[in-house]
Amino acid sequence: MRLGIGIDTGGTYTDAVLYNFEDKSILGSAKSLTTKNDLSIGILGAIDGLPADLVRQADVISLSTTLATNACVEDKGGQAKLIFFGGDKAIIDRNGKQYGLPPSDEICIQESYTTFSGESKREPDWERFEHEIEHGFDHLDGVGILEMNSMKDGAAVEKKAKEIFQKKHNIPVVCGHELFSELNSLKRGASTLLNAGLFPVISEFLESVKKALAVRDIHPSSLVIVRSDGSLMSEEFASLRPVETLLCGPAASALGCTGLTDAPNCIVVDMGGTTTDIAFIRDSLPVTITNGISIGRWKTFVSGLYVKTFGLGGDSAVHYNGRKLHLEEYRVTPLCVAAASYPSVTENLRKLEVKKHTRFLYEHYMLIKDIENNSRYTEEEQAFCRALKEKPLLITDAAAAVGKDMYSLKVDHLIKDGVVQLCGFTPTDVMHLRGDFDRYDSEASRLAAEFIAHNLDVPVETVCDRVYDEVKKKMYVNIVTALLENKYPDYMKNGINEDVERFILNNYEAYKNGSPDELFSTMFRTNYTLVGMGAPIRVFLEDVADMLGTRAVVPEYHEVANALGAVVGNVRVTCTVEIRPDNSAEGTYGYTVFGKDGKQSFEKLNDAVDFAVTEAETRAADEAKRRGAVRDIEVTSEVHTDGAETKEGNVYLGTFVTAHAFGSMGF
């Protein structure tokens, strides 16, 4: 037998699947809580749930994770900075935010003298650059380097800047040209900065996997990870380009779905602890996008499947404002889970006075990582963490432990860095109260629910009803939004506006109340099957499917679909090379091909196209090898000519040669 293990680490659970490549069968599956303080513990827990006699025979370990996804949605991750040659402060401040860039004063902007055509008027002042990068970088987890017109001059400036930077600092650094070849410098900059911020996220994950495998004496010949487009890449490639894992988990889920259901057209709804991901399967193939992934505040050039990711999971924080209850976009540790490990949490809640209060007094702070003597954190932050070392504390007690009150206590930095985690009331707690899930301490859930019920002046059962309703409503709104985006290009490009969202919400309320508007009523419908993935989905999906006039399917192994999807992929690469005409007043006198290492000029278009085809196909094959393909690399290419109609006829604007490489990783 040729065996592989698929491992998926999410914000809440780590899943594992043992897969037989020869007959495409699942030989075992397991789940374990993700352990943020040491990911290898949760990974070991999942591996230990697989058939012990077969685990060491695994020749392939394939990974997926939502850690990068969650970092974007929750605006977490490592500390990173962008060095931008040729950046314009006014343009960055006016337009950069829409791509995820910070204000210009948080970017290291340098002069650049490369023109749009790729001509270099003169070199940057490298001596000044060396001086300006002397300080202010040592505390960072990663750095990105970008030059405005790097795609036109073979990235000469970026390459030299990286060489200089690496001589001064031992920090992971990536250049824009190493990631993407598109022209939009703001979007390229955002993608590069995001990649730098994800270095520690993926590094910790990969090191934890290798640590767990070593403990169990598992020595695979291949260790690979899923990209956002569902293809695979090597561990080494992922370490350099962690941004490629942005939708790694959702992509693996979509791939897993194709192996678990026979529905050719379906909507995959994967609900985890932190986020819910929506993907489309059309004619048995995942639907892809062409203009780059958008997630959280980031708009990137990362290619991938169409996935709509939003903050909704079993661990979404439940809060109230006045008498209205709502779900936050971010994750907290469910009180029932925290209490199972720390009985003091339940004891604290028993002693908590049930009273009206604008703050959520039942919430606790819990220490995840030890930062003792870490110079990145203030003495006050380290003292706060020392107070949490033995056990989680109520937010009032935690503040008092460092001489503060809950209003003046500032812990945002610690939460953003994943050092401290909030514990609060969540849909998972409601599942325990309803009997839909019973693994942890339901008493802690009940005590928090009583506090919330008192503040809303409703019974506990009504609190539970409202939480479930908020989950279904958020799921319904986002599925309908995804349908509209896949139906209408304008919505795909710009998203829906507030009026459309209000219309969707009105439809939800009309269906829920069974009372359509007498003047005008319409309902959203789809023939695509809703396929549920992830542990909590079975509780909610059927009702949402009814609202959309379709059926819901929750297949066997739905809880570990991501781990299954991780182990069934291959390598796919696309590379594009651009040809532009050289024009003068007399007309076109030649053609320029913009290649990886610079530009080449030709008198005849046919010669330029032949060169571009060779360049694109070579780059695609080389990239496939970089990602880990070891054999059977198949390369194809296509040529697209761009023109415009004028009064004088068709005007040639350029040519794009696109090459596709498909390869096996040896299993």
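Reader: What should I know before looking at strand β25?

Author: Residues are numbered from 1 along each chain as its sequence is written, and side-chain values use heavy atoms, with hydrogens and water left out. In this predicted model, local features need pLDDT of at least 70 and side-chain atom pairs count only at pLDDT 80 or more, while totals for chains, interfaces and linings use all residues.

Reader: Which way do the residues of β25 point?

Author: In a regular strand the side chains alternate between the two faces of the sheet. Strands (E, at least two residues) and helices (H or I, at least four) are DSSP runs, numbered from the N terminus. From β25, T529, V531 and M533 point one way, and L530 and G532 the other. Five of the five residues in β25 (529-533) are buried, meaning under 20% relative accessible area with a 1.4 Å probe, protein chains only.

Reader: Which strands pair with β25?

Author: Two strands pair if DSSP finds at least two bridges between them. Strand β11 (266-271) runs parallel to β25 and is joined to it by five bridges; V269 stands opposite G532. Strand β26 (552-553) also pairs with β25 in the parallel sense, over two bridges, and here L530 stands opposite A552.

Reader: Where do the buried residues of helix α12 lie?

Author: An α-helix has 3.6 residues a turn, so residues three or four places apart point the same way. In α12 (379-387), the buried residues are E381, Q382, F384 and C385. They line one face of the helix, because seen down its axis they fall within an arc of 155°, taken from the directions from the helix axis to the C-beta atoms.

Notes. Buried < 20%, exposed > 50% of the residue type's maximum accessible area, 1.4 Å probe, protein only.
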